[in-house]
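Morning, everyone. Please look at the sequence and the structure first.

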Amino acid sequence: MGKGDKKSRRGKINNGSYGKRRPKKASKSYVTSEEKSKK
């Protein structure tokens, strides 16, 4: 578990890769403007 570990977040940052531990976009659950206007 460290810089060389490809499965850990720190290892992915060091390696410059993405995956389950380090997604490219942080998944946020949000309500779209269309759904807000309907209510």
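I will start with the chain as a whole, then go residue by residue.

A word on the source. This is a predicted model, where local features need pLDDT of at least 70, side-chain atom pairs count only at pLDDT 80 or more, and totals for chains, interfaces and linings use all residues. Residues are numbered from 1 along each chain as its sequence is written, and side-chain values use heavy atoms, with hydrogens and water left out.

Now the overview. The chain has two helices and zero strands. Both terms refer to DSSP runs, numbered from the N terminus: helices are H or I, at least four residues, and strands are E, at least two. Helix α1 covers 9–15, and α2 covers 33–38. Of the 39 residues in the chain, 10% are buried. Buried means under 20% relative accessible area, exposed means over 50%, and partly exposed is in between, with a 1.4 Å probe and protein chains only. The accessible surface comes to about 4100 Å². Carbon and sulfur atoms hold 48% of that surface. These areas come from the Shrake-Rupley method with a 1.4 Å probe; for residues, only the protein chains shown count as cover.

Next, lysine 12. Lysine 12 sits in helix α1. Is lysine 12 buried or exposed? Lysine 12 is buried, yet has no salt bridge. A salt bridge here is a side-chain nitrogen of Lys or Arg within 4 Å of a carboxyl oxygen of Asp or Glu. The nearest side chain of opposite charge is aspartate 5, at 8.4 Å. On charge, Lys and Arg count as positive, Asp and Glu as negative, and His and the chain ends are not counted.

What lies 3.0 Å from a polar atom of the lysine 12 side chain? The backbone oxygen of lysine 6 does. A polar contact is a pair of N or O atoms within 3.5 Å; within protein, one must be able to donate a hydrogen and the other to accept it, and residues adjacent in sequence count only if both atoms are side-chain atoms. Leaving out residues up to four places away in sequence, lysine 12 touches Asp5, Lys6, Ser17, Tyr18, Gly19 and Arg22. Contact means heavy atoms within 4.5 Å.

On to the segment before α1. Lysine 6 lies there. Lysine 6 counts as exposed because its relative accessible area is 61%. From lysine 6 to arginine 21, 15 residues along the chain, the C-alpha atoms are 9.9 Å apart.

Aspartate 5 is in the segment before α1 too. At 26% relative accessible area, aspartate 5 is partly exposed. Beyond four places in sequence, aspartate 5 is in contact with Gly11 and Lys12. The backbone oxygen of aspartate 5 also lies 3.2 Å from a polar atom of the serine 8 side chain. Serine 8 has 16% relative accessibility, so serine 8 counts as buried.

Last, the loop between α1 and α2. Glycine 19 is found in that loop, and is partly exposed at 29%. Its C-alpha is 9.8 Å from that of serine 8, eleven residues away along the chain. Glycine 16 lies in the loop as well. Why is glycine 16 called exposed? Because its relative accessible area is 53%.
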